[in-house]
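Subject: Structure for your review

Dear colleague,

Please find below the structure that I am handing over to you. After it, I set out what was found.

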Amino acid sequence: MVHILLQVRSVDFYVREAANGSVPPSAEKLIVLPMRPAKPTGITAAYNVAGNIDKPYVTGISETQEYSYMNQTSWQDGTGEPVVLTLPTSNSTLYVREKATDTDFASSNYSMTIYTNPSVPSVSYSNATELLSSVTAAMEYDLGNGYVDGTGAAIDLSSLIDNLTSTKTISIRKKVTETRPSSKIKTVTLYPRAAKPTGVAFNTATSTLTGFSSKLQYKIGEDGSWKTSSKSSIDLSSYVSTTEDVNLYVRTKYTSTASSSKPIQFVIPKAV
């Protein structure tokens, strides 16, 4: 009850020696318990301060104050200078209070949340199209030469894959802001290309693709989509044009350890 009263007003206590047999109680002594000071204000934490990126950079803790990080048992004196905290593994709390003096109690605690890295961003990579999608302007990605800002547009990784001789991991994360650190990192593993198909042929007389298997894909024209088939022979006569030759592409399909091969090309001649 005394603790509650100290939040709103000072409290007068009277203390005396108790009566003891024939000895009367002593005279009263007045003890005034001062009102608890107000909690501190004006304390901020930023995560994007140059030289301390992704670190909680706390300002506003004065020399008359003290702070406790993650608990309320170990208190550190404020110096008036910014305090750089360690990024927590989960959201934690920073407590700040006015220090007790010879005449005043410590103030109530001011508390603020210190944030950990947010969850990984929701992006997607397609082995079929080799496009990295949903990398928004609030994100950044690293293909090996440092982080680059996302734009929201799909990122074509085909040229990067063309030059791979071993696996490569790329990273995507939400960018650091004033109020939040950068997110946990989403990784995507890219693999070198598979070998081009062999033993595949196209018969222009019958418009038939032979030597095919479920490990391969084919595409009609530049803008077509890649198709699969379990057949070894595929009739493509429906794609014969009356006005122009049509390109036919065949590639080895991607697997869990290899990207799709570079395609081999045939021509479906126009009808004569």
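Helices (H or I, at least four residues) and strands (E, at least two) are DSSP runs, numbered from the N terminus. Two strands are said to pair if DSSP finds at least two bridges between them. The structure is a predicted model, in which local features need pLDDT of at least 70 and side-chain atom pairs count only at pLDDT 80 or more, while totals for chains, interfaces and linings use all residues. Residues are numbered from 1 along each chain as its sequence is written, and side-chain values use heavy atoms, with hydrogens and water left out.

Strands of a sheet pair through backbone hydrogen bonds, either parallel or antiparallel. In this model, four strands form an open sheet in the order E6-E5-E8-E9, and their pairing is antiparallel. Strand E6 (76-77) and strand E9 (110-114) stand at the edges with a single partner strand each, so one side of each has no neighbour in the sheet. Strand E5 (residues 65-69) is joined to E6 by two bridges, and these strands run antiparallel. Glu66 has Asp77 in E6 as its bridge partner.

Two residues with positive phi

Most residues other than glycine have a negative phi, and most peptide bonds are trans. Met70, although not a glycine, has a positive phi of about 75°. This residue lies in the loop between E5 and E6. For accessibility, buried means under 20% relative accessible area, exposed means over 50%, and partly exposed lies in between (1.4 Å probe, protein chains only). Met70 has a relative accessible area of 48%, and is therefore partly exposed.

Ser134 is also not a glycine, and its phi is positive at about 70°. It sits in the loop between strand E11 (131-133) and strand E12 (139-142). With a relative accessible area of 39%, Ser134 is partly exposed.

How many residues of strand E19 (residues 216-220) are buried? Five of the five are, so the strand is largely enclosed by the rest of the structure. Leu216, Tyr218 and Ile220 point one way from E19, whereas Gln217 and Lys219 point the other way. E19 pairs with E21 in the antiparallel sense over five bridges, and Leu216 has Thr252 in E21 as its bridge partner. E21 is itself mostly covered, with six of its seven residues buried. Five bridges also pair E21 with strand E22 (residues 264-268), again in the antiparallel sense. Here the bridge partner of Leu248 is Phe266 in E22.

Arg251 belongs to strand E21 (residues 246-252). Is this residue buried or exposed? Its relative accessibility is 6%, so Arg251 counts as buried. A contact means heavy atoms within 4.5 Å. Not counting residues up to four places away in sequence, Arg251 touches several residues, including Pro197, Lys215, Trp226 and Ser261. Ser261 is ten residues from Arg251 along the chain, and their C-alpha atoms are separated by 5.5 Å.

A polar contact is a pair of N or O atoms within 3.5 Å; within protein, one must be able to donate a hydrogen and the other to accept it, and residues adjacent in sequence count only if both atoms are side-chain atoms. The side chains of Arg251 and Gln217 make such a contact at 2.8 Å. The Arg251 side chain also reaches the backbone oxygen of Ala128 at 3.1 Å.

On a 1 Å grid over the protein atoms alone, a pocket is an open set of points where a 1.4 Å probe fits, with protein on both sides within 12 Å along at least five of seven lines; lining residues have an atom within 4 Å of a point. The largest pocket is lined by 15 residues, and Arg251 is one of those nearest its centre, together with Glu130, Ser158, Lys219 and Trp226.

Arg173 in strand E15

Arg173 is placed in strand E15 (residues 168-174). At 19% relative accessibility, Arg173 counts as buried. Its side chain is joined to that of Glu140 by a polar contact of 2.6 Å. Leaving aside neighbours within four places in sequence, the residues in contact with Arg173 include Asp54, Tyr147 and Ile185.

Yours sincerely,
A colleague
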